[in-house]
Amino acid sequence: MSSLPSINDEQVETLIDDVLEQYGYDFTGYSRASLKRRLNRLYSLDKQVSFAEFRYKIGSDSVYFKRFVEQITVNVTEMFRDPSFYKALRDKVLPTLATHPFIRIWLAGCSTGEEAYSMAIVLKELNLLQKSLIYATDINPTVLEKAAQGMFPLSQMKQYSENYIASGGKEDFSSYYSANYAVAKFDVDLKEKMIFSTHNLVADHSFNEFQLILCRNVLIYFDRDLQFKVLQLFDNSLENLGFLALGTKETTDFSPISKRYKRLEMEKIWRKDS
Amino acid sequence: MKNCDALLIGGSAGSLDVLIKVLPSIAIDITFPIIIVLHRKKGTDSLLSDLLSSKTKLIVKEVEEKENILPRTIYIVPSDYHLLIEKDFTFSLDYSEKVNYSRPSIDVTFQSAAEVYKDKLVCLLLSGSNADGVNGLITVKEFGGEIVVQDPKTAQVDYMPGQAILRANVDEVLEIEQMADYINNLK
């Protein structure tokens with residue numbers, strides 16, 4: 001069996017052009033190496049036999065296009081991922097925001113919602129959930145449907161519970177969900193303050209002003225120009241003295257907004273100050 | 001001698017000891033970057049970079065996403081991310097599904113590099129207890145690159161290099177003592 005990729009660089013560009021023209025989804029600013037890998041992965045997952053047929057299916061079958069978007073974007077996430085980050089949220093960021101009468105939080109690229117529920121748990125434990133609103137957005141409507149259900153595999157709970165404890169959580173993590181066969185269903189009161197909505201960071205504009213914006217492990221899939229554009233969008237959507245949180249390998253450095261942002265020690269969290 | 005624009009080294013259990021033995025003898029005037037993909041627990045990155053940089057005068061650094069790949073530099077792939085190489089010779093990081101139960105996966109980086117460096121790539125696979133990296137070597141070979149493995153007899157865990165010899169058409173099998181010379185002769 002050949003290990004050569006089925007879809008070459010030129011064909012990647014063809015597909016990018018197609019989906020922009022036919023569906024208005026703009027992947028031109030996405031990192032090509034990652035995009036190409038995802039396309040080849042989908043091609044072999046779905047046992048496609050030729051590029052022409054694959055291209056035709058994407059272009060003509062809007063149901064398949066939904067799957068395309070879901071599989072091309074990366075939706076790997078976990079609860080309380082990077083516990084030290086959640087510890088900084090709990091100990092430093094959220095107590096600073098506690099003085100606000102109302103706390104608006106934007107989770108950009110929320111995927112299947114694990115971060116939204118983690119955030120709600122921390123807010124609840126700090127007695128801030130009632131006056132908070134979590135706007136959880138993603139480009140991909142399918143993952144948002146999953147996020148709204150608040151159901152995650154029970155098999156993940158051991159890891160999530162360990163993450164939660166490492167992040168400074170003091171409660172019994174299992175008190176936040178009920179186990180039903182292979183599924184952990186999180187308490188409905190956690191999602192009372194969540195709003196799920198599609199939002200495309202590439203094409204859509206600012207829709208509110210926030211005190212805290214989280215966008216972790218999304219920018220790594222974008223090229224530098226698109227990263228700067230999205231950071232500008234966050235800057236336009238963040239109140240002065242608000243906080244911006246990125247993934248462990250992402251940064252505001254080198255971007256035009258960097259001079260207005262001061263980084264908190266150790267974590268990838270910046271405070272706007274201008 | 002093989003043309004080399006990049007040397008990639010992959011390894012798992014038992015590979016760190018090999019690097020510690022080999023790095024001190026690598027010449028500081030090599031003309032290519034060395035990119036190291038090691039399986040390990042997450043959150044131990046700075047310790048690993050510190051340890052390896054104490055063994056060489058070459059610059060040792062953890063990969064930053066979208067940075068330019070420079071010669072005479074040893075790059076360490078961060079834990080819990082896959083590393084991909086862009087056509088413009090910059091790095092991309094990727095937090096997608098684990099491959100072979102691993103993130104970073106050696107296969108992912110080898111395959112990505114194969115497409116970019118083609119016949120100017122050399123990949124070395126060291127000691128390890130699973131077969132991650134073997135499919136990557138096969139791809140590298142198909143693109144004309146050179147593939148080299150640690151002699152399984154000298155490996156703490158011989159499964160990974162053993163599988164490579166079994167399944168890929170490897171160019172060289174090297175004992176630990178031969179590795180630095182081999183690397184220093186790449187141009």
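Mentor: Two strands pair if DSSP finds at least two bridges between them. Helices (H or I, at least four residues) and strands (E, at least two) are DSSP runs, numbered from the N terminus. The model is predicted: local features need pLDDT of at least 70, side-chain atom pairs count only at pLDDT 80 or more, and totals for chains, interfaces and linings use all residues. Residues are numbered from 1 along each chain as its sequence is written, while chains are lettered from A and ligands numbered from 1 in the order in which they are written.

Trainee: Which residue in strand 6 of chain A is the bridge partner of A136(A)?

Mentor: Strand 2 (residues 132-138) of chain A pairs with strand 6 of chain A over five bridges, in the parallel sense. Within strand 6 of chain A, the partner of A136(A) is F196(A).

Trainee: Which are the edge strands of the sheet in chain A?

Mentor: The sheet is open and mixed, with seven strands in the order 6-2-1-7-8-10-9. An edge strand here pairs on one side only, and this holds for strand 6 (194-198) and strand 9 (261-263) of chain A.

Trainee: What angle does helix 6 of chain A make with strand 2 of chain A?

Mentor: Contact here requires C-beta atoms, placed from the backbone, within 7 Å; axes are lines fitted to C-alpha atoms, for helices over the stretch in contact, and angles run from 0 to 180 degrees between N-to-C directions. Helix 6 (residues 114-125) of chain A lies across strand 1, strand 2, strand 6 and strand 7 of chain A. Its direction relative to strand 2 of chain A is about 170°.

Trainee: Which residues of helix 4 of chain A meet helix 2 of chain A?

Mentor: Helix 2 of chain A contributes L35(A), R38(A), L39(A) and L42(A). On the side of helix 4 of chain A, they meet F68(A), Q71(A) and I72(A).

Trainee: How many residues of strand 7 of chain B are buried?

Mentor: A residue is buried if 20 or more other C-beta atoms, placed from the backbone, lie within 10 Å of its own, exposed if 12 or fewer, and partly exposed in between. L121(B), C123(B) and L125(B) on one side, and V122(B) and L124(B) on the other, are all buried. For strand 7 (residues 121-125) of chain B the count is five of five.

Trainee: How many bridges join strand 7 of chain B to strand 8 of chain B?

Mentor: L124(B) stands opposite V148(B) in strand 8 of chain B. Strand 7 and strand 8 (residues 146-150) of chain B run parallel, and the number of bridges joining them is four.

Trainee: Is F80(A) buried or exposed?

Mentor: F80(A) has a positive phi of about 50° although it is not a glycine, and its place is in the loop between helix 4 and helix 5 (83-97) of chain A. With 28 other C-beta atoms within 10 Å, F80(A) is buried.

Trainee: Which element gives the most to the side of chain B that touches chain A?

Mentor: In this interface, 20 residues of chain B are in contact with 15 residues of chain A. Elements giving two or more residues to the chain B side include strand 5 (82-85) and helix 3 (106-117) of chain B. With four residues, the element that gives the most is helix 4 of chain B.

Note on methods
Two residues are in contact if their C-beta atoms, placed from the backbone, lie within 7 Å.
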